[in-house]
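Please look through the sequence and the model first.

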Amino acid sequence: MITFVFKGIIQMQNKTITSDFIRLAPIPVCIIDSNNLKLEAANEQFLDLVNENRAEIQGKHFGNIIGQDVSLFFPAFLLQLTEAPGIASLPIQIPELEASIAPFSGYSYFASAVKETSGESKIAVWLMAKTARSADQMDVALADNLALGDAKTIVKRPSIEYIQMAEENQFNTPGDSISLKASTYNPEQDEMLESWTELERSREWFKNMVHSSPVAMLITKGENMVFDVINEPMLNLIGRDASVLGKTWFEAIPELVGQHVVDELFYAYRTGLTHHVPAVGITLVKNGESMLGYYDLTYTPLKENGQVVGLMQTATEVTEYVKSKDKLQKAYEQIRLSKEAAELGTFDMDMVTGRLEWDDRCRLLFGISHSDEVEFERDFLQNLHPEDLDRINSVLAYVFDKQASNGIYDIEYRTIGYEDKRLRWIRAKGQVYFDVHDKPLRFIGSVLDITEQKEDEQRKNDFIGMASHELKTPLTSINAYLQLLQHHANRNQESTMLATIEKSLNQVKRMTRMIDGFLNVSRLESGKIAIDKQAFEITALLKEVREETVALTTGYPVNLSVTDEVMVYADRNKIGQVLQNLLGNAFKYSMPGSEVKMSYLTENDHITISVTDQGIGIKPEHQQKLFERYYRVESNSTISGFGIGLYLCAEIIIRHQGKIWVDSEFGKGSTFSFRLPLN
């Protein structure tokens with residue numbers, strides 16, 4: 001509710017602040033509805049008189065509260081009060097109102113108009129304690145001095161400030177004095193002035209509110225913007241002290257001359273409109289240094305009899321926000337330019353609603369030219385290459401499992417354009433975000449056209465595949481000749497020759513494994529490597545791999561920890577290749593004679609298999625790159641290899657919807673682990 005009250009009290013725009021005003025008034029005050037005369041609000045002093053709580057008294061008829069029938073004269077008086085422009089905001093004595101029951105009989109009654117923005121009339125009723133003189137004498141004096149139509153003698157009142165006109169949503173400020181009409185002047189007026197003085201002390205609550213406000217606030221008077229009331233936050237904001245009181249804006253802050261904010265000040269003053277200026281730049285001199293800051297400013301005109309006589313100003317510093325916003329905008333612009341330069345497309349999927357958003361570039365990579373809403377099934381899955389569909393579904397199931405993938409999405413696949421039917425290779429990277437229960441909430445990422453790169457790689461893989469096949473033919477012949485020589489050397493017991501032949505055979509086997517690795521890479525990237533899953537017992541495979549690897553490489557004891565038999569559903573040969581590669585690397589990067597451990601652990605529906613060595617270890621900056629194709633740690637360049645073994649391991653494990661990783665401490669050894677689903 002918005003109320004008007006006598007000069008000296010600021011009118012507020014909501015019940016909270018109105019309640020504060022009523023609470024702070026030094027005398028009993030209540031608000032009544034001018035239509036049905038029911039009480040709507042009251043302060044503690046009034047409640048003390050009634051000796052009831054607020055809930056009990058609210059809604060009661062005012063006449064019933066004070067013990068007097070007011071139905072005959074009160075409505076006419078209230079109508080006269082509300083229709084008296086210019087003076088309706090002053091408390092006027094209520095004629096003929098004399099309460100017949102204690103304690104209300106000890107008070108004289110005054111009323112002021114209350115008009116809400118909706119146009120409804122309310123009344124603020126003020127109870128002023130009678131002096132020692134008789135009630136009749138008080139009535140005569142009040143009638144003489146406060147009669148609405150009498151205009152003979154003027155009684156000077158102290159300066160009374162800050163009325164809000166509810167219909168204009170602005171504050172009024174007074175002139176130096178306000179006159180009350182009276183027919184005569186007598187000594188009893190001194191007592192009346194004392195009563196008015198007591199009543200007007202209520203205005204101090206507004207100044208207290210300004211000073212206690214955490215928001216920077218300032219009240220200025222006149223067109224010259226003379227500083228009248230200012231709180232500490234505003235002083236700190238402008239870098240001044242209380243000596244600015246009584247000075248004009250331009251005396252107090254001379255550096256404002258010529259700045260844009262001056263136009264805003266005078267705009268609010270001259271138009272009489274509440275004016276908000278967001279994030280305006282102002283240069284202030286603080287501690288002798290000129291500083292540019294940004295502020296949200298609000299100017300509320302203060303009016304007297306419809307004329308603007310001052311401004312209430314509030315300010316909030318937003319310098320850091322503006323600077324951060326500017327930095328963020330620049331960052332967004334850099335990202336946009338980088339995205340355009342890299343020809344990246346972006347996608348954003350709400351995992352709860354299923355809503356999918358693609359930018360223009362992403363739409364282009366799927367052969368879509370329209371701007372209609374896209375759908376996951378129709379526009380994504382159905383536009384994938386048929387040979388990639390099952391793999392993508394498996395990868396997505398893996399990515400949406402937080403424990404398995406931590407939501408990391410990084411994959412290559414082919415699309416066939418919906419409209420242009422063009423085949424494109426896509427590299428997609430993204431991240432799934434989960435709720436507290438590990439359920440996926442949002443899936444965002446970017447896509448890149450790598451068709452040209454993949455075509456180059458395909459040509460290279462074709463060459464590697466062809467060369468590998470050509471190399472295997474003479475290598476097979478060399479291996480046959482060496483085996484024949486080994487047979488003759490055994491028969492003739494030529495020990496020196498046997499040792500040489502055995503070393504040559506080991507080198508042939510190593511080269512064969514390298515060539516097989518290149519062939520596997522070629523098949524993998526051509527989509528010709530197949531995963532043939534079947535159920536098998538994992539501990540038997542672990543024992544088999546250990547025996548085969550130890551037979552080829554002597555001098556490295558392998559400790560295999562086997563407990564219960566565990567059935568897994570995977571490609572036995574491919575998992576065997578992974579184990580052989582990990583054991584071979586453990587031997588390669590460890591000192592002869594150092595122990596290598598193989599172990600496994602089952603939990604829930606997964607099995608984790610680990611190979612631990614006591615070798616040279618891996619620095620942290622290399623650990624995440626080990627599973628990339630052709631990646632080799634530079635410090636290990638003296639050790640043979642092409643950097644394809646771990647890449648093949650990772651691809652095989654990923655195709656099993658598993659995960660592979662390394663834990664290592666440089667100089668102390670490494671543990672390579674991979675996890676597979678049991679079912």
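## Strand β15 and its two partners

In this predicted model, Thr346 stands opposite Ser446, a residue of β19. The two strands involved are β15, residues 344–350, and β19, residues 440–449; they run antiparallel and are joined by seven bridges.

β15 also pairs with β16, which covers residues 356–358. This pairing is antiparallel too and has three bridges. Within it, Phe347 stands opposite Trp358 of β16. The two strands make a hairpin with five residues between them, and Gly354 in the turn has a positive phi of about 80°.

## The five-stranded sheet

Which strands form the open sheet, and in what order? There are five, arranged as β16-β15-β19-β18-β17, with antiparallel pairing. β16 and β17 (408–416) are the edge strands, each of which pairs on one side only. On average, neighbouring strands of the sheet are turned by 20° against each other, direction ignored.

At the β17 end of that order, nine bridges connect β17 with β18, residues 423–434, and these strands run antiparallel. Glu412 stands opposite Arg427 of β18. Helix α15, residues 386–399, packs on the sheet and touches β17, β18 and β19. The direction of α15 makes about 160° with that of β17. As a general point, side chains in a regular strand alternate between the two faces of the sheet.

Arg414 is part of strand β17. Is Arg414 buried or exposed? Its relative accessible area is 12%, so Arg414 counts as buried, the cut-off being under 20%.

Leaving out residues up to four places away in sequence, Arg414 touches Asn383, Leu384, His385, Glu387, Asp388, Leu423, Arg424 and Trp425. Leu389 is 25 residues from Arg414 in sequence, and the C-alpha atoms of the two are 9.2 Å apart in space.

Another set of pairings involves β14, residues 307–317. Six bridges join β14 to β10, residues 216–221, and the two run antiparallel. Thr220 has Leu311 of β14 as its bridge partner.

β14 pairs in the antiparallel sense with β13, residues 289–304, over ten bridges. Here the bridge partner of Thr298 is Thr314 in β14. β13 and β14 form a hairpin with two residues between them, and the turn includes Asn305, whose positive phi is about 50°.

## Two loop residues with positive phi

Most residues other than glycine have a negative phi. Asn406 has a positive value near 60° and is not a glycine. Asn406 lies in the loop between α16 (402–405) and β17. With a relative accessible area of 44%, Asn406 is partly exposed.

Gln493 is likewise not a glycine, and its phi is positive at about 55°. The loop that holds Gln493 lies between α17 (451–492) and α18 (495–525). Gln493 is exposed, with a relative accessible area of 70%.

## Helices α20 and α22

The axes of α20, residues 572–588, and α22, residues 645–654, come within 10 Å and cross at roughly 145°. Their crossing is left-handed.

Which residues meet in the contact of α20 with α22? From α20 come Lys574, Ile575, Gln577, Val578, Asn581, Leu582 and Asn585, and from α22 come Gly645, Leu646, Cys649, Ile652 and Ile653. Of the residues in this contact, seven are nonpolar, four are polar and one is charged.

## Cysteines

Cys649, listed above in α22, is buried, with a relative accessible area of 3%. Cys30 is buried as well, its relative accessible area being 0%. How many disulfides are there? The count comes to zero, taking a disulfide as a pair of cysteine sulfur atoms within 2.5 Å.

## The chain as a whole

The protein chain has 22 helices and 26 strands. Of its 679 residues, 46% are buried. Among contacts between residues at least 6 apart in sequence, 58% join residues at least 24 apart.

Technical notes
Residues are numbered from 1 along each chain as its sequence is written. Side-chain values use heavy atoms; hydrogens and water are left out. Two strands pair if DSSP finds at least two bridges between them. Helices (H or I, at least four residues) and strands (E, at least two) are DSSP runs, numbered from the N terminus. Buried means under 20% relative accessible area, exposed over 50%, partly exposed in between (1.4 Å probe, protein chains only). Axes are lines fitted to C-alpha atoms, for helices over the stretch in contact, and angles run from 0 to 180 degrees between N-to-C directions. A crossing is left-handed if the near helix is turned anticlockwise from the far one by less than a right angle, and right-handed if clockwise. Contact means heavy atoms within 4.5 Å. Ala, Val, Leu, Ile, Met, Phe, Trp, Tyr, Cys and Pro count as nonpolar, Asp, Glu, Lys and Arg as charged, and the others, Gly among them, as polar.
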